[in-house]
Structures are given as C-alpha cells and as structure tokens.
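Have a go at each task before you read its solution.

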Amino acid sequence: MSELSYMEKLLDGIEVEWRDLEEVVKIQRGKRLVKSQLETSGNYAVYQNSMTPLGYYYESNAKANTTFIISAGAAGEIGYSDVDFWAADDVYLLLTQDSIESKFLYHFLLLQQYKILAQVRRASIPRLSRIAIEKLQIPIPPLNIQAEIVRILDTFTELTAELTAELTARQQQYAYYREQLLTFEEREVEWKELGEVCESISSGKNKIKSELGLYPVFGSTGIIGRTDTKVYEKEQILVARVGANAGRVNIATGEYDVSDNTLIVQNKDSIVLKFLYYYLVYINLNRFTKGAGQPLLTAGQLKKMLIPTPPISEQKRIVSILDKFDALTTSLTEGLPREIALRQQQYEYYRDQLLSFPKPEVVAHD
C-alpha cells in the first residue's frame with residue numbers, strides 16, 4: 001500500500017484545518033542564566049544558543065516533552081526534550097494547547113525548517129525574531145492522527161539515535177585501540193627521521209583549478225577542484241601545509257593533481273604507506289605548526305620528525321586492524337555512517353509523505 005493511500009485511509013475524508021502558529025501555541029522566551037551559575041553536570045541541561053547544552057542547572061523552567069527553537073547563534077535550529085530542562089533567553093519555548101501534540105509540532109517544524117532558517121537575520125550574531133515564526137501555518141489533524149504520525153516517525157528517529165550511540169561507542173573503541181597500537185616505547189622499535197623513510201616530501205604545484213575537469217585537485221581539505229591535467233597516478237600521503245587546516249593528513253589515489261598549499265609525502269619500501277598515514281593522523285601534525293595568523297607546516301619540519309619503524313609484518317597487522325575500525329566509523333559507503341545516512345533519508349522521506357496535508361482551496365469572491 002502506498003503512502004498516499006495510507007494517508008487517505010488515515011484521514012478518512014477529514015479536512016485538515018491550517019492555523020497560524022501563534023493561534024495554537026504559546027510562544028514563550030526562556031530566562032537568562034550567566035555562566036557562573038552553571039555546572040558541568042547536573043539534573044537539568046541548559047540550552048542557550050545551540051542544541052549542545054551550555055551547562056547544567058539545579059532547577060528547570062521547561063517541562064518534559066516540549067519543542068523549542070533557538071533564536072540566536074544557531075538561530076532557527078529546532079529542538080525537542082523528553083525531560084525537564086532550562087531554556088535560556090535565546091530560546092523560544094513552544095507551549096502547545098489541547099489541539100496539538102508537541103512531538104507532532106516538532107516533526108512538522110523540522111519539515112518547515114528551511115522556511116524558518118530563511119527568516120534568520122544574518123549579522124555578527126544570527127537572530128530569529130518571534131514575529132518570523134508567529135505566522136507560520138501548521139496543519140491541525142485530529143489528535144489520534146497526530147499520535148499515529150508521531151509513532152511512525154519516532155520509529156525512524158529512535159533507530160537513528162541507536163545507530164548514532166553505536167557509532168560513538170565504536171569511535172571510542174577505535175581511539176583506544178589506535179592509541180594502543182601506535183604508542184611505542186623508545187627502545188621497543190627503531191625510530192627514524194621521516195625524511196629517511198620517504199622518497200620525497202615536496203609541495204604540490206597546482207594553482208589553477210575549476211569546477212570542471214577530468215581529474216581531481218587535492219588540497220588541505222580533500223578534493224578542492226578539478227583540472228584537465230593529470231600529474232600523479234600513485235597512492236600518496238598529502239599534508240596540508242598552510243592555513244587553519246595545516247597539518248591535516250589525507251591519502252590521494254587514482255589520477256590527480258595537488259595544490260601548492262599541500263605537501264606530498266611518498267614512502268620508501270621500509271615503511272607501509274597506510275601505517276605512516278595512521279601514525280601521522282594519530283600524532284596530530286597541527287600542533288607542530290608555526291605562526292598564529294597563518295599557521296605553517298614546512299617540508300623541513302616533516303623531514304626531521306621521528307617516526308617508529310616496527311617490522312613490515314607488524315606494520316601490516318596494525319593497518320589491518322585500524323582499517324576495519326576506520327571503515328566502520330568513517331566510511332560513507334559502508335559502516336555506521338552509511339547506515340545513519342540511510343535511516344535519516346528514510347525519516348525525511350516518510351516525514352514528507354505523512355506531513356504533506358492538503359490545504360483547503362481558497363474560493364475567490366467577486
């Protein structure tokens with residue numbers, strides 16, 4: 001049975017009324033707290049200008065099962081809490097009346113978030129005015145229909161939450177094993193300068209890139225453009241050389257070119273490329289950059305860095321273990337990130353189907 005026929009059955013001929021948000025919801029602003037009043041943990045989360053709690057407070061001013069909207073900072077972000085919390089002064093609480101369930105309102109506002117975000121004033125601190133949301137129109141189906149829609153959509157959000165929690169646990173496990181596998185005692189292995197175990201460490205040359213071209217151009221954040229000129233066709237480590245991303249490590253494969261703000265690290269046979277990649281990521285090269293205004297990491301600095309060189313068989317064993325964790329926790333084609341993305345797509349699809357109520361036709365009068 002299609003979603004459309006399911007909705008027809010659910011509505012059973014009922015015409016859904018549309019109302020302005022201010023008619024069915026009391027919009028109430030939260031109350032300011034200063035940082036000195038907050039704790040790092042406690043009974044009640046304090047929401048201020050993002051969906052990440054600013055801290056915790058010993059009492060609450062918002063009841064459980066309340067939808068809210070951030071009005072400054074991450075203005076336009078929509079939240080829902082199933083426990084009591086404290087809403088600070090950059091939060092609009094949406095206190096529902098008998099005709100609408102708060103969780104139904106939450107899902108519908110997520111569907112309309114693009115309209116809400118379009119009303120945000122972009123200044124030094126983005127802000128959303130109360131007037132911008134008061135006239136937002138929302139459908140008011142019967143409460144039993146609201147409850148059924150919430151039940152269906154919550155099934156997807158709960159599954160996404162479970163997968164996200166699983167991803168967090170696996171990321172922590174990955175971090176633990178990476179530290180165990182890549183921490184070496186000074187006498188346990190031979191340490192060599194990076195320049196000694198590499199064929200070369202040099203800068204890319206590309207200064208011309210566009211949106212079009214046969215080959216990708218790699219830069220400090222990954223692929224930053226395209227070109228029709230192929231310069232490299234072997235797997236190499238790339239390290240961002242300058243700017244906020246200086247020290248960021250990537251691997252380039254296939255046919256490609258490299259921008260002039262990126263260092264190219266090519267290994268010798270004495271060290272496994274992927275082992276070297278994991279080690280450079282682990283030690284966080286960004287902390288070795290120099291210069292506050294424009295951080296810089298030079299080829300000379302990299303060449304002098306000491307690198308552990310366990311036997312090749314041990315390097316391959318470490319790579320095999322870390323590859324599995326990396327695929328599970330970061331891959332967009334396999335592993336948990338892919339599953340989370342698919343579940344989110346399912347949620348959005350069914351949300352669109354279940355909340356796209358027809359609006360009554362407006363009859364023109366002579």
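**Exercise 1.** Find which elements each supply at least two residues of the lining of the second largest pocket.

*Solution.* This is a predicted model. Start with the lining itself: Phe218, Asn250, Ile251, Lys274, Tyr277, Asp326 and Thr330. Next, look for the elements that each supply at least two of the lining residues: they are strand S15 (249-252), H8 and helix H10 (312-330). Then sort the lining by class, which gives 3 nonpolar, 2 polar and 2 charged residues. The space in this second largest pocket comes to about 150 Å³.

**Exercise 2.** Work out which element gives the most to the lining of the largest pocket.

*Solution.* First, note the volume of the largest pocket, about 410 Å³. Its lining has 15 residues, and the closest to the centre are Tyr106, His107, Leu110, Thr157 and Tyr347. Two or more lining residues come from each of helix H3 (102-111), helix H6 (143-182) and helix H11 (336-354). H6 gives the most, with 6 residues.

**Exercise 3.** Decide whether Ile271 is buried or exposed.

*Solution.* Begin by locating Ile271 in the loop between strand S17 (262-267) and helix H8 (273-283). Its relative accessible area is 2%. Buried means under 20%, so Ile271 is buried. Now look at what surrounds it: leaving aside neighbours within four places in sequence, Ile271 is in contact with Val197, Leu276, Ile307, Pro308, Thr309, Ile312 and Gln315.

Terms used: Residues numbered from 1 in each chain as written. Predicted model: local features only at pLDDT ≥ 70, side-chain atom pairs only at ≥ 80, totals over all residues. Heavy atoms only, no water. Helix = DSSP H or I, 4+ residues; strand = E, 2+ residues; numbered from the N terminus. Buried < 20%, exposed > 50% of the residue type's maximum accessible area, 1.4 Å probe, protein only. Contact = heavy atoms within 4.5 Å. 1 Å grid on protein atoms, 1.4 Å probe; cavity = no way out; pocket = protein on both sides within 12 Å on 5 of 7 lines; lining within 4 Å. Points joined across faces, edges and corners; volume = space filled by probe spheres on them. Nonpolar A, V, L, I, M, F, W, Y, C, P; charged D, E, K, R; others polar.
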